[in-house]
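Colleague: I would like a close look at a single part of this model, followed by its setting in the rest of the chain. Please give the cut-offs as you go.

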Amino acid sequence: MLRRLAALAALLAATATLASNPGERVPAVSFMDLAGRSSALDHPQGKSGTVLITRDIECPVSQRYERRIAELAKRYGPSGYDFVIIDVTPHDIGDARKAAAKLPGTRTVLADAKALAKALRFESTAEAFVIDAGATLQYRGAIDDQYGLDYQRPLAREPWLARALDAVTRGERPQVTRTKARGCPQVVPQGAPLAAAPLTYHNRISRIVQAKCQVCHRTGGLAPMPLETFRQVYERRAVIELMVSTNRMPPWPANRKVGHFANDRSLAEREREELLGWIKAGGAEGNPGDAPLPQRFASGWNIGKPDHILRIPEPFQVPAEGAVDYKNYYIKTDFPVDKWVTAIEIKPTQPKVVHHALAFLEEPGRRALTPEELAKLNPGDPRPPAPSDSVSGFYAVTVPGSLGITFPEGMGKRLPKGAWIKLEIHYQPNGSPVIDRTQIGFRFASGPLREVESRSAFNVGLVIPPNAPRYEVKAEHKFDQAGLLLSLFPHMHFRGAAFRYDLRYPDGKVVPLLDVPRFDFSWQSYYLLSQPLDVPRGSTLLATAWYDNSRANPWNPDPSKTIRWGLQTTDEMMIGYFDFAVEKGASRKAVTPGIVPR
């Protein structure tokens, strides 16, 4: 065991300063620009940080991005960002100076480009690196998605670098921290890092905790204990070791080898090894000067100041203990015209007692008749408006750790004029009585957008036999329009064991999208794709769910029963929700109300 720990410690020490991954502290690498100005990666010259961009003046992708880089430098330079161009072209200093003159507001590094390449592991030209004022690498990847070595688009639809800089300026982590730059490939330097440093709380562990834990474990957060200081983390190291080593925290039930998600809370294998290794080695504090900048969390709305806020009609008194029936509230919007929503957030005033909340477009009074009521009806008798099926999709959702939903540039959801919103809230008492008045915040666009629709693959005919340990249920959704897949949200109840999404293309090729091998009813995660996925017309979304109706399932209230579709958590559902942006110019699918699933 001691030999294994020594080997692990050596591994961690050897890799502690590679700093090629977002969230890591950059190493102490010095460099000089063409004007003779010296700098160091870990001491940014700009008050807000440094933006490094790799450039080869003979690479067509670098050439196409010249104007964009100059625009970004002009836009963000006044905010305190030092724009540094890393010239990887094999040429003399005279040519380098001529090329640098085309990018006002930036400075160019030539002689030390190889040292920087070794430190940051450059992969491509037109690859950007954002280092904040605390020497943390916050983003690496493409400037945007307009140009690549084998393609170019009329406009960029994903301005990743600009969004990352906006987030860092606000003191927040970018929603997308890594993308793939599509410029001219570079030979990634191999070998050991330039310098090794002992693994300490301040130079590494603090950044892991900040990125993967503090969204909940902070003052005012959802979790019962804050993890914001060295002392708080050090004193909780035993419980942290247990929860991390058993993969219970951070809560991310998906298989990390399938898909890439912007809101991925899971620990990479290296992060997991570093955190556990630091605990086993005694939990060294290190130099406070190596600490990252404090992460800011919105004191109000994570989506920014809303243009409009709706509230549940009356405050709800959440008891200290016991079960609380799902609460349904109807809210009239009263907008005289259709509104286009670019961001939406469901915000409980008491987040620690709200397990989840879902919003649907729905009128009050819609309900299904009971069999007894149906038996008494004569032809032509009045009846309440029939609800549409809950499987059609939701309008908004919040689950533990959610920070609201902001749709990609140029996309959003339509909020019909005069729409009713039905908000369902699942309260879970936590030992103290509190009063909650959940709100919904909206940010609007000035005009129509490419419409985002919530859809689903579902199977209402499921019949799960008694004592079945792994019962499989399938469903599919065929796309009659081309578009972009934005997110995935599997929904099951107590017997849900696993869930999987795959996409079958028109040519028959099947690509895995999301694999949840251990579905957890307590953590019904919303999976936001790192990059929207092009879905050709004629493709089919395949959803597969597995259920455990045996005694081995601790959630199972009665394994002796045959289980069918139903609204209660003791029944079951099989819904593979997803957000889909329809093809531009396509006719809009009719908006149908939905019953909230339990």
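In the hairpin of β25 and β26, how many residues lie between the strands, and which residue takes a positive phi?

Modeller: The model is predicted, so local features need a pLDDT of at least 70 and side-chain atom pairs count only at pLDDT 80 or more, while totals for chains, interfaces and linings use all residues. Residues are numbered from 1 along each chain as its sequence is written, and side-chain values use heavy atoms, with hydrogens and water left out.

Five residues lie between the strands of the β25 and β26 hairpin, and G508 takes a positive phi there, near 95 degrees. Strands here are DSSP runs of E with at least two residues, and helices are runs of H or I with at least four, both numbered from the N terminus. Strands β25 and β26 run antiparallel and are joined by six bridges; two strands pair if DSSP finds at least two bridges between them. One of the positions that can be followed across is F499, whose bridge partner in β26 is V516.

Strand β25 (residues 496–504) is also joined to β28 (residues 540–547), by eight bridges and again antiparallel. Here A498 has W546 of β28 as its bridge partner, and R504 stands opposite T540. Seven of the nine residues of β25 are buried, so the strand is largely enclosed by the rest of the structure. Buried means under 20% relative accessible area, exposed means over 50%, and partly exposed is in between, with a 1.4 Å probe and protein chains only.

These strands belong to an open sheet of four, in the order β23-β28-β25-β26, with antiparallel pairing. Its edge strands are β23 (471–478) and β26 (510–516), each of which pairs on one side only. Neighbouring strands of this sheet are turned by 20 degrees against each other on average, direction ignored. Angles in general run from 0 to 180 degrees between N-to-C directions, and axes are lines fitted to C-alpha atoms, for helices over the stretch in contact. N467 is not a glycine but has a positive phi of about 60 degrees. At 43% relative accessibility, N467 counts as partly exposed.

Most residues other than glycine have a negative phi, and most peptide bonds are trans. Another exception is A135, with a positive phi near 65 degrees. A135 sits in the loop between β6 (127–132) and β7 (137–142), and at 1% relative accessibility A135 counts as buried.

Helix α7 (residues 201–212) and helix α10 (residues 269–280) pack at about 125 degrees, with axes 11 Å apart. They are therefore oblique to each other; angles under 35 degrees count as roughly parallel, over 145 as roughly antiparallel, 65 to 115 as roughly perpendicular, and the rest as oblique. Helix α7 contributes Y201, R204, I205, I208 and K212 to the contact, and α10 contributes E271, E274, L275 and W278, where contact means heavy atoms within 4.5 Å. In the loop between α9 (237–245) and α10 lies P250, which is joined to M249 by a cis peptide bond with omega about -10 degrees.

For the whole chain, the count is eleven helices and 30 strands. Buried residues make up 52% of its 598 residues. Of the contacts between residues at least 6 apart in sequence, 80% join residues at least 24 apart.
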